[in-house]
Amino acid sequence: MKIRFTKMQGAGNDFVVLDETRGRLGLSAAQYRFLADRHFGVGADQILTVRPSPGEGIDFEYVIHNADGGEVEQCGNGARCFARFVHDKGLTGKDTIRVQTQSGVIAPHLTADGRVTVDMGQPVLEPAQVPFDATGLMPVAQGSGQKWPLALAGKALEATVLVAVVSMGNPHAVQLVDNVDTAPVAETGPLIENHVRFPQRVNAGYLQIVDRAHVRLRVFERGAGETLACGTGACAAVVSGIRLGLLDREVHVDTRGGRLTIAWSGQPADSVFMTGPATTVFEGQIDIPDTLV
């Protein structure tokens, strides 16, 4: 099967974007994995699919598959690339679009400086709704937030880490570190991602506070491993930092792939806003094998 694709990136988080506005491609999980493979396919952290409006008041549907072929609820950097794609391809003339995702409706806005701002919706702060199983755990209160002790099976040193749990349409566990450059992301990221207390797995964030308006962040993403940037991870990290009393309402988040700006009032009923770049890298056509495992 030959398909056309667009390769895009947002702060180094890279994507293959597929246009299904004229018909479904019907790809399998194995074919999504093939597209994401950096040796045999195009290479990407996630595969983003553009589909027609599923209902009144909605402009498009946005479907996300991780590099492992699994469908996920949300991707913030991808949402910015999604908005840039539909605008540049002439699929819409709107600067603000309403997009249906698996976890709800988001509203990306193309700004005059070429960046994209996304209303990422309200953070989910109740552990059970993240979802996170807090049974038998005693949280550490700080500010208006909480840090939960998470025992890492098979980890001899620092066997328990303290994490703030929040969902931005997908689940995140955010821990404070002194220096992201020396944080044990590769070692503990997989343990946190697959921890039994997160029934849908989780994105593991490593947050370094530089000052009240500036942080550094690394994220080990569910189904993708460590990426150069994670939009929902940046939102979750800033929400956590604000609730812990460590951050102001607007924060610059430096990831390994670039800078994102996250704004949140600190009120649970208010949306989190993310602003950052979205760039087309190249376009092409690829022949995907019909039979893959």
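This is a predicted model: local features need pLDDT of at least 70, side-chain atom pairs count only at pLDDT 80 or more; totals for chains, interfaces and linings use all residues.
Q: Hi! Which strands each supply at least two residues of the lining of the second largest cavity?
A: Hello! Those are β14 (214–221) and β15 (225–227).

Q: Which residues lie nearest the centre of the largest cavity?
A: Gln 46, Asn 66, Gln 74, Asn 170 and Glu 221 do, out of 15 lining residues. By class, the lining divides into 4 nonpolar, 9 polar and 2 charged residues. Both β4 (60–66) and α4 (231–243) supply at least two residues each.

Q: Let's switch to Thr 49. Is it buried or exposed?
A: Thr 49 is buried, because its relative accessible area is 0%, and the cut-off for buried is under 20%. You'll find Thr 49 in strand β3 (residues 46–51).

Q: What does Thr 49 touch, leaving aside residues up to four places away in sequence?
A: Its contacts are Leu 18, Glu 20, Tyr 32, Glu 61, Tyr 62, Val 63 and Phe 82. Phe 82 is also one of the buried residues of helix α2.

Q: Oh, then how many residues of α2 are buried?
A: In α2, 11 of the 13 residues are buried, so the helix is mostly covered. Among them are Gly 76, Cys 81, Phe 85 and Val 86.

Q: How far apart are the end C-alpha atoms of α2?
A: They are 19 Å apart. The 13 residues of α2 (residues 76–88) should span 18 Å at 1.5 Å a residue, so the two values agree.

Q: What follows α2?
A: Gly 90 does, and its phi is positive, near 75°.

Q: One last topic: in which sense do β8 and β18 pair?
A: Strand β8 (residues 116–119) and strand β18 (residues 273–276) pair in the antiparallel sense, over 4 bridges. As an example, Asp 119 has Phe 273 in β18 as its bridge partner.

Q: How many bridges join β17 to β18?
A: There are 3, and strand β17 (residues 258–263) runs antiparallel to β18. Here Thr 261 stands opposite Thr 275 in β18.

How values were computed
Residues are numbered from 1 along each chain as its sequence is written. Side-chain values use heavy atoms; hydrogens and water are left out. Buried means under 20% relative accessible area, exposed over 50%, partly exposed in between (1.4 Å probe, protein chains only). Contact means heavy atoms within 4.5 Å. The expected span of a helix is 1.5 Å times one less than its number of residues. Two strands pair if DSSP finds at least two bridges between them. On a 1 Å grid over the protein atoms alone, a cavity is a set of points where a 1.4 Å probe fits but cannot get out, and a pocket is an open set with protein on both sides within 12 Å along at least five of seven lines; lining residues have an atom within 4 Å of a point. Ala, Val, Leu, Ile, Met, Phe, Trp, Tyr, Cys and Pro count as nonpolar, Asp, Glu, Lys and Arg as charged, and the others, Gly among them, as polar.
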